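Visitor: I'd like to learn how to read charged pairs in a model like this. Could you walk me through some?

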There are 2 protein chains.
Amino acid sequence: MNKLPYRITLEEKDLPRKWYNLKAVMKELPPPPLHPATLKPCKPEDLKPVFCEKLIEQEMNTTDKYIEIPEKLFEFYRMIRPSPLIRAYNLEKVLDTPAEIYYKFEGTNTSGSHKLNTAAAQVYYAKEEGLTSLTTETGAGQWGTAMAMACAYYGIDLTVYMVKVSAEQKPYRKAVIETYGGKIIPSPSDTTEVGRKILEENPGTGGSLGCAISEAIEVALKSKNCRYVLGSVLDHVLLHQSIIGEETRIACEKFGIEPDIIIGCAGGGSNFGGLIAPFIGDRIAGKNKIRFIGVEPASCPSLTRGKYAYDFGDTGKTTPLLKMYTLGSGFIPSPNHAGGLRYHGMSPVLSKLYHDGYIEACAYEQSKVFEAAVSFARCEGILPAPESSHAIKAAIDEAVKCREAGEKKTIIFGLSGTGYFDLTAYMSYNDGTMTDYIPSDEDLEKGFSSLPKVD
Amino acid sequence: MNKLPYRITLEEKDLPRKWYNLKAVMKELPPPPLHPATLKPCKPEDLKPVFCEKLIEQEMNTTDKYIEIPEKLFEFYRMIRPSPLIRAYNLEKVLDTPAEIYYKFEGTNTSGSHKLNTAAAQVYYAKEEGLTSLTTETGAGQWGTAMAMACAYYGIDLTVYMVKVSAEQKPYRKAVIETYGGKIIPSPSDTTEVGRKILEENPGTGGSLGCAISEAIEVALKSKNCRYVLGSVLDHVLLHQSIIGEETRIACEKFGIEPDIIIGCAGGGSNFGGLIAPFIGDRIAGKNKIRFIGVEPASCPSLTRGKYAYDFGDTGKTTPLLKMYTLGSGFIPSPNHAGGLRYHGMSPVLSKLYHDGYIEACAYEQSKVFEAAVSFARCEGILPAPESSHAIKAAIDEAVKCREAGEKKTIIFGLSGTGYFDLTAYMSYNDGTMTDYIPSDEDLEKGFSSLPKVD
C-alpha cells in the first residue's frame, strides 16, 4: 500500500476563492484584439452588445494577478468541485515506469467536462447584470450541456445553436440539454438572417461551428436582455478555468508533489491554460523549471504547424481579430472524433506563451490516441473523452522516456472529461474502422490563404 | 454559507476496511435457499459448479458481523471510492423544507452505478481462486459495464449474455463493455443448448433476462475454470454493497448527522440493502429509531403487492428457490424505463426485514419519478438514473411532509447511479410520450400462478 492516497480531494475549506489571471504576470502581453472593420484595438464598448460587461472587464484585465470568485458563484463551484487529483498508480505499474503520474480529472460533474467551470461563471454574471437570456453554439455538445446546467441553476433562458449534423448524430446530447431546459435549434436555421441566407445558398448543408456562432451572435445582438457566451479561446474563459490549476497547486503543496512536466490537450486552449496558469506564472517568475506540453490532434495542428497571425475567431469572419496560432479560419479540419479540438485557432494567451518559448506542443494521430485511451481506461477505470486522451498519450510517452532513461520525473496531466457521450468513436476504434487524416502542406496553404491581411 | 460542506468525501485513511454482514445481527434469519430438485436446503457443494467458493462461503455466513475486505480488493476500492455524501442544499431550498436532505452518490465511477462495488469483489475472488473466465447476463447494461471494468483490471475473460433487444437498443452500453474487453453475445444465441432451443421455438424473440441467465449459467457449468456471477438479490452481493452504508455511517459520525429516514430504490435490493446495512443493524439492536423506506416502480411492485413465498430467481426456473417477496417468476413487468428495477423478486434478507416490520416500502409511477428526477437534476446538477430517481421522489415527498408539519427531520437517500445511458427515457419524458403502466389484480394473479408449490 502506498503512502499517498489514490485520490486527493481537497476539503471544502481549502478550495480556491480566487482565479489566477495569467496576463497580470506575463512579461509581454498578447497583442490586443482588433475591431474587424477598423483594424484598431477593440474598446470595451465595441464588445458590449455581444458580451456581459463584467466578462469584458475580465477580458481586459491585465493588472490583477488574483480575481475574487463571487460568493454566489462559489456556492455553485462547491456543488461541482473540487475535482480529484488522482495518482495513476495502475498506469505506472502497466508502463513499468519510475515516473510518478497524476491526473486532474474534470469529468465527475454531470456535464462531463471542465466546461462547467466557465459556464457557471458566465451565467452568474449574466444573472447579476439583470439579463434574462443567453445564446451560444455547440458542436460536440459538452459546452451546450454545461451551459444548460448552469442556466437551469441560475434561472436564465438558453438558446443553443447546435451544428445540424451534430444534433442529428448526437440525439443524447440534445436530450441532456433539453432535460436541463435549454432550447436547441439545429444550425443553420430559419430563425436568423445569416441562417436563412446559408440555407438559401445550400439547402442540404449539415452546418458548421462558424455558422452556429454567427446565428447565436445575431440573436444576442437583436435583444436587449440577451447576450452571447463563448466556451473557450477568450482570456476570461481561461481565467475561470484557472480554478483547475489553483486546486492542483494547492493539492501539490499539501502533499509535497513537485511536477517536472504538466500536460494538457489543447483545442481552443481553455483546459490547458487553466491547468497550467499558476504553475506557468511561477515559471515566468523563475520559481520553477516545469515543462508545459500542449497536445493537439495531427488533423488540426494549430500550434505545431500553424502561423502566429491575426485571424478571425469564426469561419463567418464576423468576430474581432485575435493574434494567435492559427490554420486560418478557412481551414477545414479533416474528420476527427475529438470534436472539441477541431478549432482552427488557439487562445491568444497560450499562443503568446508558446511563441515566447514557455510552452511546448506536440500532435498525435487519433488511432494512437485511442490506443492510449483504451489502455488507460482498462487500468485506471475511467473512460476518457477523446479530447482528454491526447494528454494521456503524451503523458504515457513521457513516462516511457523516463523508464528508458531511468529517470524518476513527476508528470501531471489534465483529464478534461469523460467519454460517456463519445461511444461512436470508441465503436469505430473497437471495430478497426478508425482512420487517421493528416492535412497535407497544400491543405494548410489553402487555410493560410484565408488569413486577413493585417500585419 | 452553511457550515457543513456541500460534499462530504472521506479521506482514504477513514475508508471502511470491513463489510457489514447483516445476517449476523438479524434476530431471525431468512429461511434457507432450497435445491430446486429436492426442495431441501442447498448445501455449499450444490452451488460450487456455478459460483466461486469464497462467495458461497460469504453467502452462507451468518455469524461474522464484519468481514474483512482483502488488501488487493481495497486497492481497487480506493480507485473508485469513497463516493461522496452530498448535502442537498439546493433541493432543500427549492422545496422550502425544514428537513435536512443528504444523498450518497454512487455514480462517479465510469460504470456509473453502485454495481462496481460487488463486481470488483466477485472478480477479485475469482482471480484468487485461479479461475480464468466468468459469465454473466445484463439487461439495462449497468451490471455488464461494471463487470467488464473489474475483469479488465484483474485480467479475467468475461462473456456477457446481453438481452438481444437491449443489445440492439443500447449500442453504447455494448461499446463500453467491448472497450473494456468484455465479449458480448446477444441472447438468446446459438452458443448454448438453452439458447438454441429457444431460438428454434421462437426465432424472432428479443430475449429476456431469464433466458440470458440460463445461457450464462450453462456456459459456466461446462467449463472447469469458469464461473457465473450475479449482480443483485443474493446475500453476498448485499454484503459487498454494505460498503455504501459503512461509508455513510462513518461520514454521519464524523459530521454529527443523525438520520431519521433512510431511503433507497429497490429492484433486487442490493443498493438499498447495502446503504441501510449498519443502520438497520443498530435499529435491530434498539440503538436508533430510523425509518427505512424501499421504493419500487408501480409497474413491478414486489414488496408492496407481492407475496412472501419461495420462488425461482429466474424465469427459466433453474436456480435454487429463494424465500422472498415476489410477483412470481412468470410475472412479466410492463414496460418501464428503470430496467434495473424490473425484477419479479426481492433480496431474501430485505424480504425478511420487511416481513418483520423493520422496513417500509412504497411504489411510484414512472412519470412522477421522472418529474422528480428533472427537478433534482436542475437544482443539484446531477442527471440521475431512472432507478435512483425512485428514491429521489420518495425523499421529496418526505421533505414536503416535513414542510407541512413544520418538522426538521434528517433524510438520507441513495443515489445509486447516473442517467448518462438512459437518455432515451428522458427523451420520452421531455416530449410527453411517457406513459404509466400499473399491473391489474388479474396481471398479478397470473404471475402468482407461476409460483412453485413449496410452502
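Visitor: Where in helix α2 of chain B do K54(B) and E57(B) sit relative to each other?

Guide: In general, a salt bridge is a side-chain nitrogen of Lys or Arg within 4 Å of a carboxyl oxygen of Asp or Glu. Here K54(B) and E57(B) are about one helical turn apart, because they are 3 residues apart in helix α2 (residues 53-60) of chain B. Helices are DSSP runs of H or I, at least four residues, numbered from the N terminus. The two form a salt bridge, with their closest N and O atoms 3.5 Å apart.

Guide: Before we go on, this is a predicted model: local features need pLDDT of at least 70, side-chain atom pairs count only at pLDDT 80 or more, and totals for chains, interfaces and linings use all residues. Residues are numbered from 1 along each chain as its sequence is written, chains are lettered from A and ligands numbered from 1 in the order in which they are written, and side-chain values use heavy atoms, leaving out hydrogens and water.

Visitor: Are K197(B) and E201(B) buried or exposed?

Guide: Buried means under 20% relative accessible area, exposed over 50%, partly exposed in between (1.4 Å probe, protein chains only). Both K197(B) and E201(B) are exposed, while K54(B) is partly exposed at 34%. K197(B) and E201(B) lie 4 residues apart in helix α9 (residues 193-201) of chain B, and their salt bridge spans 3.9 Å, N to O.

Visitor: How many salt bridges are there over all chains?

Guide: The whole structure has 52.

Definitions and conventions: Helices (H or I, at least four residues) and strands (E, at least two) are DSSP runs, numbered from the N terminus.
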